[in-house]
Amino acid sequence: MNITLTVNGGEHTADVEPRRLLVDFLRSTVGLKGTHIGCDTTSCGVCTVLVDGTPVKSCTMFAVQANGRSITTVEGLKQNGDLSAIQKAFKEEHGLQCGFCTPAMMLVGTALIEENPDPSEDQIRWAISGNLCRCTGYINIVKAIMAAAETTREGASS
Amino acid sequence: MTATEHRPHTPPEIGGLGHSRKRVEDARFIEGRGNYVDDIELPGMLHMAIHRSPVAHARILSIDTSEAEAVEGVVAVVTGEFLAGYNLAWMPTLSGDTQAVLATDKVRFQGQEVAAVIATDRYVAEDAARMIHVDYEELEPIVNPQRSLEDDAPLIRDDKEDVESNLCYEWDSGDKDGTDAAFAGADKIVTLQTHYPRSHPSPLETCGVVADVNPATSQATIYMTSQAPHAHRTVFALVAGLPEQNIRIVSPDIGGGFGNKVPVYPGYVVATAASLVIGKPVKWMETRTENLISTGFARDYYMKGELAVSNEGKILGLRVDMLSDQGAFYADAQPTKFRAGLFHIVTGSYDYPVAHVATRGAYTNKAPGGVAYRCSFRVTEASYLIERLVQNAAYELGMDPAEFRLKNFIQPDQFPYHSPTGFVYDSGDYEAALRKAMGMVGYDQIQAEKEQARKEGKLVGIGIASFTEVVGAGHGEDYDILGLKMFDSAELRVHPTGKAILKLGVRSQGQGHETTFAQIVAEELGIPADDIKIVEGDTDNTPYGLGTYASRSTPVAGAATAVISRKLREKGKKIAAHLLEASEEDLTWDNGKFHVAGDPESAVTIQDVAFAAYTNPPPGLEPGLEGVHYYDPPNMTYPFGSYIVVVDVDPESGQWKVRRMVAVDDCGVKINPMIVEGQIHGGLAEGYAMSSMQYITFDESGNCIGSNFMDYLIPTAWETPRFELGETVTPSPHHPFGAKGVGESATVGSPAAYVNAVIDALQHLGVTNIDMPVSPDRVWAAMEKANSG
Ligand code: FES
Ligand code: FES
């Protein structure tokens, strides 16, 4: 099947098997390796990308279902060559260790802040509860998202 | 040695020990530019999928691969018979047993590797793997070690000569007669029988490999998820008979290890053999289900502990009987001499004259592994047992559990402390750590609140664990894996411009070595940490080492790094003397500078010295500023801590919630406090996971129930408690800069604290034990039983 979708602002057209998962399409066909695979039951969330701005587990969507949609992956987080607020905050707050869950966590955080610029700790924990992390105990991930929300608010008001 | 304060000696621009330096490795990860095994694509690369046994124990009658071979895109189907032609159907395990690479005679656990398909595409390989048809004659599956050791149990390892039972090992430690005598004279004997359930490390990245063997040169480059690349290269050389210099193992970024990536798995070997035969690179990445059902499980210890105590509350002795469920192959990653790992550290933080620890392991029809999941060779099970036992002993004596611990702790002046099972504890101040935790949690007040709540019909519990670990193996005289002594190494080169490169035999899996090891060099040589690059995980480009597990990196490779840095500083002193036209004895070292004593103006920097090492070395001195050091530690290190958990238990449903979790850790001198805290957070979360929800279980046919993340539960941010951290600092006296290692402390120490808290809430009802995971249904059942009894 022929599909066309936008990935991080660029258009990609390809002929794909209907059964090919979006995550495999992104990793193999588009060649963006920042979206990871960690399970086969839609449980871990490391494959999360934004589809038209909404977090979606890309192992749970066929590439053909993304036809005509706009996808953001971790590689699309930088703005005009600068790290985004959430990327900076993850480093600053030590929100990552092995880094395997990190792209997905940052994307979910980005979507959350977009929707709710001033999230509470509970709201952050709930938002990332579809994403597992084995290294951090989540504490610094929550802190990083909180900090990114703050800088984003400051940026908007200045 | 008692607890001390530790402050950085170097300014932030240098960034030596004690600075919370931000992580260097983050730069690539936050842009999605890490390089994990699955990210590697080579020209012409093929994909492998494994056909696994659906049954736990069966004789293989026939294997039909014809349908799979006919699928378009399939390049080859590999069976055990094929591998046997290359003498590769079996491989050695890290415990010196053998393990089937692809089964030829029998399958011995559900999920065992039977055949593999190599195809042009992963999807095709998976399709074809399902088209392999195997005829089995089913045998009785053995799903627990008790049944396994019965006389009429079928023999699991009938492949081995001279084996007549399913007993896998038998090992004991301590003084049996002395211990029995202590028990005979005791006022009370406190007994706890408990199962530390089978668990799985489950890093979010599964295991995998890209094997690239060039048939023309027989150079094998193997990219794999390996916590111990050098040891794995040696194993590959032994298994495959390839010359070791032609094998290059590259362990790129690893998405978490926790012990899961210590063993060599059949998939790695099959992919390498396939690449050798086909002449193209072959990739194999486990699915999560494969990861959970076939690789590196942990724990599964059935433990009976008895404590002899006096009415005054003194511990007189400890007796332990342990039976472990080893699965179908004895594949524990552990030092050769110790058949149950370091489980005999079970005497814990307490001072008593005698102990006896008897251990046995049995083969069962379950996946092999026996990895130390975020743990130093079984110290987790040991710490759990003694901390649960001590808590119950306090109840039996009518004492406060904190008071009972304080009465029995090894005292600071008793170090180095010779334990009844032969360990020599390096340093500790257990009372300081417990008192600090009690202060943080407001112990007396929370005890009063608990009593009050009880009167109101509410259940509140307070659990303590005052654990001691033993990490950082060797020394080499007593500790080896497959004969390889447990040293580690560091190779340091300071370039003419004063920038350095440090190469290590260990391998980070998220611990942040690129950040912390530069800090060690910065501390010792005064070169800014930002000017030091760390290289690890490539056997062609790093010195030999045993790898990263059992919290070894800082105690062993960190020590090697400090020693080689000091050696280069010594050489630098000669060069400085030459430059300053002074005598070496007159020189003083001060954070990156040599100067003549009493004359700080006439100084040369380490950068000046490095430049001179290549451009103007003193006559007769070997040029360059470079060296390698292999460090064989004189002893292990003994990190410790005290954790206190407060829980609220719902009397109706048995659900429990952590109200407070206070963790005081003492890992000696810290390299990077931020990274230490992060590791403790992670360990506390995994400890919570084990105590509350995470376990691999089997039905009576040997079907693995916890085979995916819907059944094998991992806490999300929503369930995970919030932690409060504290510290004491008791340096290790034998480590070059006093560090002890921390990556596993929290997984070792915390499960007992959580479980003790739940038991504490229920102990007035007569509940003394609930096996992990302490799930609401188990709590509810324990309350029902207590109420009806
Ligand atoms: S890979 Fe686990 S949810 Fe998608
Ligand atoms: S940082 Fe390793 S899984 Fe989250």
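A salt bridge here is a side-chain nitrogen of Lys or Arg within 4 Å of a carboxyl oxygen of Asp or Glu. The model is predicted. Across the interface of chain B and chain A, the rule finds 10 salt bridges.

**The interface of chain B and chain A**

The size of an interface is often given as the accessible area lost when the parts come together. Between them, chain B and chain A bury about 4400 Å², with 56% of this on carbon and sulfur atoms. On the chain B side, the most area is lost to chain A by B:Ile30, B:Tyr123 and B:Leu204, which together account for 19% of what that side buries. In terms of contacts, 53 residues of chain B meet 49 residues of chain A. Residue pairs in polar contact between chain B and chain A number 29, with both residues at pLDDT 80 or more.

Four elements of chain B give two or more residues to the side that touches chain A: α1, α4, α9 and α17. Their residue ranges are tabulated below.

| Element of chain B | Residues |
|---|---|
| α1 | 26-29 |
| α4 | 122-129 |
| α9 | 288-294 |
| α17 | 673-692 |

The largest share of this side comes from α17(B), with 8 residues. Sorted by class, the side of chain B that touches chain A consists of 21 nonpolar, 18 polar and 14 charged residues.

**Cysteines**

How many disulfides does the rule count over all chains? The count is 0. B:Cys667 is in no disulfide, and the nearest cysteine sulfur, belonging to B:Cys375, is 17 Å away. A disulfide would need the two sulfur atoms within 2.5 Å. B:Cys667 has a relative accessible area of 5%, so this residue is classed as buried. A:Cys47 is also classed as buried, because its relative accessible area is 3%.

**B:Gly726**

B:Gly726 belongs to strand β33 of chain B, which covers residues 724-727. Is this glycine buried or exposed? Its relative accessibility is 15%, so B:Gly726 counts as buried, the cut-off for buried being under 20%. Neighbours within four places in sequence left aside, B:Gly726 is in contact with B:Met440, B:Ala663, B:Val664 and B:Asp665. The C-alpha atom of B:Gly726 is 9.4 Å from that of B:Glu677, a residue 49 residues away along the chain.

Technical notes: Residues numbered from 1 in each chain as written. Chains lettered and ligands numbered in written order. Predicted model: local features only at pLDDT ≥ 70, side-chain atom pairs only at ≥ 80, totals over all residues. Heavy atoms only, no water. Contact = heavy atoms within 4.5 Å. Buried area = accessible area lost by both parts, 1.4 Å probe. Polar contact = N/O pair within 3.5 Å; in protein donor to acceptor, adjacent residues only side chain to side chain. Nonpolar A, V, L, I, M, F, W, Y, C, P; charged D, E, K, R; others polar. Buried < 20%, exposed > 50% of the residue type's maximum accessible area, 1.4 Å probe, protein only.
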